[in-house]
Amino acid sequence: VFEYYRVPGAPGERPNQAVIFQPTVASVAAGTPMVASFDVANSSSARKRVSVLVHEHDFSDLHVCTFWLAPNTPRQTYTMRTHTTTAWLYPTISFYAASGGSNGGFYEIDDVTLMYDPAEAADRTLCGDPNAPVAPGGAAGPDLIVNGDFSAGLSPWTVLHGNVYQLAGGVVEFIWASLLPENSAVGFQPPPAPVVLQRTGVPMTDGQILTANVEVGNSSIMRKRVSVLIHQWDFADLAVCTFWLEPNTPLQSYTMRSAATIGWGDATLSVYAATWGPDPWIQVDNASLRRTPGNPTVGTECFEPSTPDTASAPPPPARLRSRR
C-alpha cells in the first residue's frame with residue numbers, strides 16, 4: 001500500500017502539490033473510453049479530498065474525479081469511467097493529495113488499474129464512489145438559480161478573478177487572461193482562473209442529490225476547457241466536472257449530477273475558465289441547479305451534450321501496459 005500526505009507550503013507561497021502517477025505506453029485514439037479502478041483510504045483524523053486525473057501525459061487532455069474521505073476510512077474501491085477527446089501517446093493516471101497535512105495518518109493508494117474498452121461510453125465521466133447515497137425518490141425541486149438565462153443582466157451572479165468579460169445578447173462571455181503588460185514577461189504565472197458563480201444561500205443536507213445544467217460554448221479559434229463545480233460556498237465540500245470545447249463550438253447543454261457529502265449552508269454553482277489565453281470567448285448561458293432525489297447517482301456524473309443520464313454496465317475492459 002502506498003501511503004503519503006501533502007506537506008503544506010509556507011505562508012505566502014503558491015499552493016504546492018503531492019501526486020503519485022504512472023504513464024503507460026498504450027497510445028489511444030480520440031474518443032477512446034477509459035476505465036480506472038483503485039482502492040483509497042484515509043488513516044488520518046481529518047476529512048480529506050483526493051483528486052484523480054486520467055489524462056494525456058502532458059495534460060493536453062484530461063478528466064478529473066474528486067472524492068471525499070472521512071477520517072479513519074478503510075480502503076474502498078473507487079472507479080472512474082471517462083474517455084479521451086484527443087489522441088493520447090501516454091495515457092496516465094494521477095492521484096493528488098488535495099488536502100494538506102498529516103493529521104496523524106496518510107492517504108493510502110492500492111490496487112490501481114487503468115484500462116480501455118471500445119464498447120464503453122465515450123461521452124461522459126462517471127466518478128464511482130462506494131459511499132454515494134441511495135436516491136430516496138421524489139420529484140425534482142425548483143430551480144435554485146436566479147436569472148439563469150442572464151436576461152436581467154449579471155445580478156445576482158458574480159465574476160471573480162476575471163477582468164476580461166462581457167454580457168452579450170443575454171450570454172456571459174469571458175476568458176482567462178489578464179490585461180496587465182507583464183503577461184508577456186518571461187516566467188509569467190497566470191492569475192487565478194476566472195469564475196462565473198452564483199451563491200444560492202440554500203442549505204443542503206448530507207446526501208442530497210443535486211443536478212446542474214448549463215449551456216457552454218467556445219467562440220474562439222482555440223480549444224478550451226471549462227470546469228463546472230457544485231459546492232458549499234467555502235469549498236468545505238465540492239464536486240467537479242471538466243468539459244472540453246473545440247474551437248467555434250456553439251452553446252450546448254452539459255449536465256452534472258452529484259451529492260453533498262456533508263451538510264451545506266450555501267449551495268453554489270460555479271463555472272471556471274480552465275484554459276489560459278487571450279482568445280475570446282468562453283460562453284455561459286441557461287444555468288440551473290435543482291435537488292433531484294429521484295435520480296440515482298454513482299457519485300459524480302458529467303454528461304456531455306446529447307448523452308443520456310444513465311450509463312450501461314461495461315463489459316470487461318483491457319488493461320494498459322505500464323511505461324518502463
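Trainee: Is C127 buried or exposed?
Mentor: C127 is buried, at 1% relative accessibility. Keep in mind that this is a predicted model.

Trainee: What is C127 joined to?
Mentor: A disulfide links C127 to C65. The S to S distance is 2.0 Å.

Trainee: And C65, buried or exposed?
Mentor: C65 is buried, with a relative accessible area of 0%. The cut-off for buried is under 20%.

Trainee: Which hand does the C65 and C127 disulfide have?
Mentor: The disulfide is left-handed, because the torsion about the S-S bond of C65 and C127 is about -80°.

Trainee: Where do these two cysteines lie?
Mentor: C65 is in strand β5, residues 62-69. C127 is in strand β9, residues 124-128.

Trainee: Which strands hold C241 and C302?
Mentor: C241 sits in strand β16, residues 238-245. C302 sits in strand β20, residues 299-303. They are 61 residues apart, and the pair links distant parts of the chain.

Trainee: What about the handedness of the C241 and C302 disulfide?
Mentor: Left-handed. The torsion about the S-S bond of C241 and C302 is about -85°.

Trainee: Are C241 and C302 buried or exposed?
Mentor: C241 is buried, at 0% relative accessibility. C302 is buried too, with a relative accessible area of 2%.

Trainee: What is the pairing if I number the bonded cysteines in sequence order?
Mentor: For the protein chain, the pairing is 1-2, 3-4.

Trainee: Let's switch to sheets. Which sheet holds β5?
Mentor: An open sheet of four strands, in the order β2-β7-β4-β5. The pairing is antiparallel.

Trainee: Which strands are at the edges?
Mentor: β2 (19-23) and β5. Each pairs on one side only.

Trainee: How are neighbouring strands turned against each other?
Mentor: By 15° on average in this sheet, with direction ignored.

Trainee: How many bridges are there between β4 and β5?
Mentor: Eight bridges, in the antiparallel sense. Strand β4 covers residues 48-56.

How values were computed
Residues numbered from 1 in each chain as written. Predicted model: local features only at pLDDT ≥ 70, side-chain atom pairs only at ≥ 80, totals over all residues. Heavy atoms only, no water. Disulfide = S-S within 2.5 Å. Buried < 20%, exposed > 50% of the residue type's maximum accessible area, 1.4 Å probe, protein only. Pairing = 2+ DSSP bridges. Axes fitted to C-alpha atoms, helices over the stretch in contact; angles between N-to-C directions.
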